[in-house]
Amino acid sequence: MNLFYFLSFVAILCALLVVFSKNPVHSVLYLILTFFSIAGHYVLLNAQFLAVVHVIVYAGAIMVLFLYVIMLLNLNQEQEPHKDNKLKFAATILAGMLMLILIASLKGTALLSTTNTHVEIGQVKDLGRVLFKEYLLPFEITSILLLAALVGAVMLGKSEHKQEIK
Amino acid sequence: MKTAQGVPLDYYVWLSAALFTIGVLGVLYRRNAIVIFMCIELMLNAVNLLLVAFSNYYSDPSGQVFVFFIMAVAAAEVAVGLAILIMMYRNTKTTDINILNRLKW
């Protein structure tokens, strides 16, 4: 229980720091901390496989990609664009209203009253069995999606003036 | 049992709601397209956390498989999105989204 509170505190604090830190590089680093605390939550929820995959994919791949792009574009605090204060205030109010609506709609829902069960489902063995039996077709389609994303990213990132340079 | 240590499911719902709201706040608050991207990742992760929590409490592995797929889609989305951002930076020399209010450059 204490670990839950600690991880939740770290996750929410770092998520807020992602939004409010001036430097984009700091945002990335705080987001990595948030992802690590979410991975801790996965371990608490007995989803060890997902925790490992989460750390590898998010902290290891996606955030490195973000960091790489920020360094490639040479973004820093000086050229960081800012909205004016009126828009920032409106954004905060809107987000607060969304939070209120979420709380109001989820509060006292009957399906929240279940208790934790004692079945092991987060291990690689059990998850793999489900993944390759019931979800085999979506799994294969995911590989096509990744291939399409790979080709698309290369196509988009390629310089348009290549022929002229040659 | 070594998991979830008596944490009610509600707490995970509130935590996910808070993380999702912070993501929405970031999207509305910032003008840097890369930071907006990161906030979208934050929202995806809030949903992932909730899916894993429900999957654990109802002992249904499908939720964790969905999280697995969401991670794959997020990876694809980030690769394409950052490629688009680099294209945009190449043309406009900025990542400010206020520049992008016209469909044709």
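I34(B) touches P24(A), F66(A), V69(A), I70(A), L85(B) and T95(B), leaving aside residues up to four places away in sequence; two residues touch, or are in contact, if their C-beta atoms, placed from the backbone, lie within 7 Å. This is a predicted model, in which local features need pLDDT of at least 70 and side-chain atom pairs count only at pLDDT 80 or more, while totals for chains, interfaces and linings use all residues. Residues are numbered from 1 along each chain as its sequence is written, and chains are lettered from A and ligands numbered from 1 in the order in which they are written.

**The nonpolar core**
- I34(B) also belongs to the largest nonpolar core, which has 67 residues; I34(B), M38(B), L42(B), V52(B) and A53(B) touch the most other members.
- Such a core is a set of buried Ala, Val, Leu, Ile, Met, Phe, Trp, Tyr and Cys residues joined through C-beta atoms within 7 Å.
- Buried means 20 or more other C-beta atoms within 10 Å of the residue's own, exposed means 12 or fewer, and partly exposed lies in between, with C-beta atoms placed from the backbone.
- Two or more residues of this core come from each of α1 (2–20), α2 (24–44), α3 (48–73), α5 (124–133) and α6 (136–157) of chain A, and from each of α1 (9–29), α2 (33–57) and α3 (62–92) of chain B.
- α2(B) gives the largest share, 15 residues.

**Where the chains meet**
- Chain A brings 70 residues to the contact and chain B brings 64 residues.
- On the side of chain A that touches chain B, α1, α2, α3, α4 (85–106), α5 and α6 each supply at least two residues.
- That side of chain A has 51 nonpolar, 15 polar and 4 charged residues, where Ala, Val, Leu, Ile, Met, Phe, Trp, Tyr, Cys and Pro count as nonpolar, Asp, Glu, Lys and Arg as charged, and the others, Gly among them, as polar.

**Chain A**
- Chain A has 7 helices and 0 strands; helices (H or I, at least four residues) and strands (E, at least two) are DSSP runs, numbered from the N terminus.
- Of the 166 residues in chain A, 25% are buried.

**Chain B**
- Chain B holds 3 helices and 0 strands, and 52% of its 105 residues count as buried.
- In α1(B), 16 of the 21 residues are buried, so this helix is mostly covered.
- The C-alpha atoms of chain B fill a box of roughly 55 × 25 × 20 Å along the principal axes.
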